[in-house]
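Please open the structure in your viewer and keep the selection tool handy. We will go from stop to stop, and at each one there is something to pick and something to look for.

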Amino acid sequence: MRLVREVISFAAILAVTSLAAAVLVIAVGSDITKALNSFFAGIFGSFYSLTEVLVRATPLILAGLGVAVAFQARFFNIGAEGQLYMGAVAATWIGLYLPHLPIILHLTLAMACGFLLGGLWALIPGFLKGQFQISEVINTIMFNYIAINLVGILVRTVMTNPESPLPMSARLPDDLHLPLMAEPTRLHGGLAIALGCSVLVYFFLYKTTWGFEIRSVGVNPRACSCAGISVKKNIVVSSLVSGGLAGLAGSSEILGIHQRLMEGISPEFGYVAIIVALLGKNHPLGVVLAGLGIAALQMGANTMQRRTGVPASISLIIMGLLVVLILGRRYFINPSPNAAA
Amino acid sequence: MSLLSMQNITKSFGGLYANKDVHLTVGKGEIHALLGENGAGKTTLMNILYGIYQADSGSIDINGVAVRIRSPKEAITHKIGMVHQHFMLVSTLTVSQNITLGLREKGYPFTDRKLVDRKIARLCDEYGLKVRPSDVIAAISVGARQRVEIIKLLYHEAELLILDEPTAVLTPHEIDSLFNVLRRLRKNGHAVIIITHRIAEVMSIADRVTVLRDGQNVASLDIEETSSSHLSELMIGRRLETLTRPVTASGPGSETPVRLSAKGISLYGETKKILDNISLDIGRGEILGLAGVDGNGQKELAETLIGIRKSDDGQIILDGKDISHLGVKKRKGLGVAYVPDDRHHDGLILDMDVVSNLMLSTYDQSPFSRKKLLNTKVCREHATKKTLEYRVKSSSVKAQVRCLSGGNQQRLILARELHGYPKLIVACQPTRGLDIGAEAFVHKILLQQKARGVSILLISADLDQIMALSDHIAVIFEGRITGVLKNDGKLELSQIGLKMAGLTGAAA
């Protein structure tokens, strides 16, 4: 019975979103078949388009993993965007101002510092939540503004490129680049790091005592404190790991794609990561699948816009709709969650 | 003709009866006490009267006319008002604004505040309720907030006032003035229902009393025809089945070496002491029963002993070692086990599986994990073994604990907490809500542990259970130990009952 309801609910969600997409396409006066064709061409049309989906999925998976780890501990980290930018700052800094290192060591150090600074950025709201029960939702959002605008200041002042009037840092040394995996496409080693991280996060969450504590605290903190598991410690640990993974997303974008720090390197990866974690049910494997799916949706929508003029923002509308439907789904499966008082 | 008559009220939640064929009749100018233990169905009955719940069957007559009350709003039109245990006030608004909240006064939305304030002042004078209409709720005391709630009802012209555990949050002095207010209300023809589990209050303020037990009527009596000890007997009740406590080698008596010693433990709440200078000793292989009506500090004492709460005063000594400053984990490591009263919130993680719940205290010990790495295979085997040993029935060890029955959930907690040979078990209401079979199993396990020399603090509102299992019985009332009695077979239930009601002086 429950299984039947699950299947029906997912079919219903699929139907509603498809219908909404179709209505939107028709509303802008476009042809459905043409729109659909260009949508799928944007994903599967060529080897290049496929690799672009993977390039897009890389930061989504990394930041999505971060959000998932936090959500498992019931630490609602809305700040992956800011943590991602801080990771980008750290990676650029290490790349620019620590010269004369073997490349492998230099790359590793840059990624590690990206993890660290992103983690620290989430650790502050994590500590405030653990110690004083201050809402992490508000704080992580506020830290997004701070991080994003800090990047704006950095690329105009201390980290700016003196040879260019544009607000951006100098370019990293050419060889300081995550290995390209299928030249001439942009597919880079970040994807391998993202997939590796999803295995590590799975291992961390489900095979270590740390993960056991984090998952337990997320489901019932009260029972955990009765059993002697520190709720505070686990919120802090999960925030650190969460921010670190989002930070990795930022460093991987710098070292794999942009090669320099500038504003707007993230088209809201950090926010979309929340949707990725939600769709992936906070499970590392689910996050990988959801990251790929959302990336495909976005790339398809971009191509659709170029070829048929249907605005790419249709993908945002569909994502928003998906989230609402998925959150509402549980009331369909379990209609009366609190009948008795 | 009575003001209120509730007949054959029945209400069940998920197959469990909260009220079964309950009758209640209240006349004009009467203070009627609704007496019963926690979970006896008092609040459910009143929530039905106030329209928060709908009865499954039964009828409500007001002034002889049958009515249906579907919401608190309808209750108010029938001139019924209720003061909940947790006040329903907006703390950032003034007294006067809170009182008129939801009302459309003359001139609304441009209410004439001065006119309202004058009306409130008049009500305050009439009933001796000291409150300033312009004060902000956040700035006034708990007692004053309660007075605001009462004025709110009078302002709404309620004729029948329901007060849910009104004295629970008050100091003795405030209780006196509340009772004076209630007497004035009675004089002016209002009817008052007060929900309580305190017998002394019933005797001092009520005209009539209705006793509920396990959701059913036990008695409705005039105060003149009853007594404290009679009421305590009615409220607590007796069960026919008796348990026999086997005499063990390490049997009862103070001659056994002390395992746990609590010395002068105090815990301060916002308005009063939750625990007041509690000193208890438990010997090896001894069961100390802690009797008392729910909410007199039992749970707080248990949590202090376990380390979830830190006491403001006093020492906890386990086997000669001061453990007062250790956290929960360290205390558990020293052999303290905890069976909490609230299985669903404190004891288990309902949305996780049997395996995870079984290792909630031991996941970080060998062989369940080494160097932070979980050994899932060992954990699963352990779970299979324990579920067999403690007869936990579940479809598999990977099943969610939510799907288990209450009895099986409790067995699961026992299996976890008794793993690794504890020295002390703090068992808080260990059989609450369990069926007879599961209850017997819990009793058997506790006695087995006692035979092994484990010391047990058995906190229970079930006096029969305490009488049957304990070597000594301590009684707690309002955070104080009102007496420690030796359970030598000559003990009378009424002796404990009176101490539970705080009547230390009056010997039975």
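Here is a short tour of this predicted model, going from a whole chain to single residues and ending where two chains touch.

**Stop 1: all of chain B**

Select chain B and zoom out. Its C-alpha atoms fill a box of roughly 75 × 50 × 45 Å along the principal axes. Colour by secondary structure and you will have 17 helices and 22 strands on screen. Of the 508 residues, 46% count as buried. Among contacts between residues at least 6 apart in sequence, 69% join residues at least 24 apart.

**Stop 2: strand E3 of chain B**

Now select residues 31-35 of chain B, which make up strand E3. Are these residues buried or exposed? Five of the five are buried, leaving the strand mostly covered. Show the side chains: Ile31(B), Ala33(B) and Leu35(B) point one way, while His32(B) and Leu34(B) point the other.

**Stop 3: a six-stranded sheet**

Move on to another set of strands in chain B, in the order E16-E19-E20-E13-E21-E22. They form an open sheet with mixed pairing. At the edges are E16 (336-339) and E22 (480-486) of chain B, each pairing on one side only. From one strand to the next, the twist averages 15 degrees.

Within this sheet, select E13 (residues 287-291) and E21 (residues 472-477) of chain B, a parallel pair with four bridges. Gly289(B) has Ile473(B) in E21(B) as its bridge partner.

Then bring in the helices that go with the sheet. Helix H9 (residues 298-306) of chain B packs on it, touching E13, E16, E19, E20 and E21 of chain B. The direction of H9(B) makes about 155 degrees with that of E19(B). Helix H17 (residues 493-500) of chain B lies across E13, E21 and E22 of chain B, at about 30 degrees to E21(B).

**Stop 4: Thr387 of chain B**

Select Thr387(B), which sits in helix H13 (residues 376-389) of chain B. Why does Thr387(B) count as buried? It has 21 other C-beta atoms within 10 Å, and the cut-off for buried is 20 or more. Leaving out residues up to four places away in sequence, Thr387(B) touches Val354(B), Val392(B), Ser394(B) and Val397(B).

**Stop 5: helix H4 of chain B**

Pick residues 113-127 of chain B, helix H4. Its 15 residues reach 21 Å from first C-alpha to last, close to the 21 Å expected. Just after the helix, Gly128(B) takes a positive phi of about 70 degrees.

**Stop 6: where chain A meets chain B**

Finally, show both chains. The contact takes 15 residues from chain A and 24 residues from chain B. On the chain A side, helix H8 (209-219) and helix H9 (221-227) of chain A are the elements that give two or more residues. That side of chain A divides into seven nonpolar, six polar and two charged residues.

Definitions and conventions. Residues numbered from 1 in each chain as written. Chains lettered and ligands numbered in written order. Predicted model: local features only at pLDDT ≥ 70, side-chain atom pairs only at ≥ 80, totals over all residues. Contact = placed C-beta atoms within 7 Å. Nonpolar A, V, L, I, M, F, W, Y, C, P; charged D, E, K, R; others polar. Buried ≥ 20, exposed ≤ 12 C-beta atoms within 10 Å, placed from the backbone. Pairing = 2+ DSSP bridges. Axes fitted to C-alpha atoms, helices over the stretch in contact; angles between N-to-C directions. Expected span 1.5 Å × (residues − 1).
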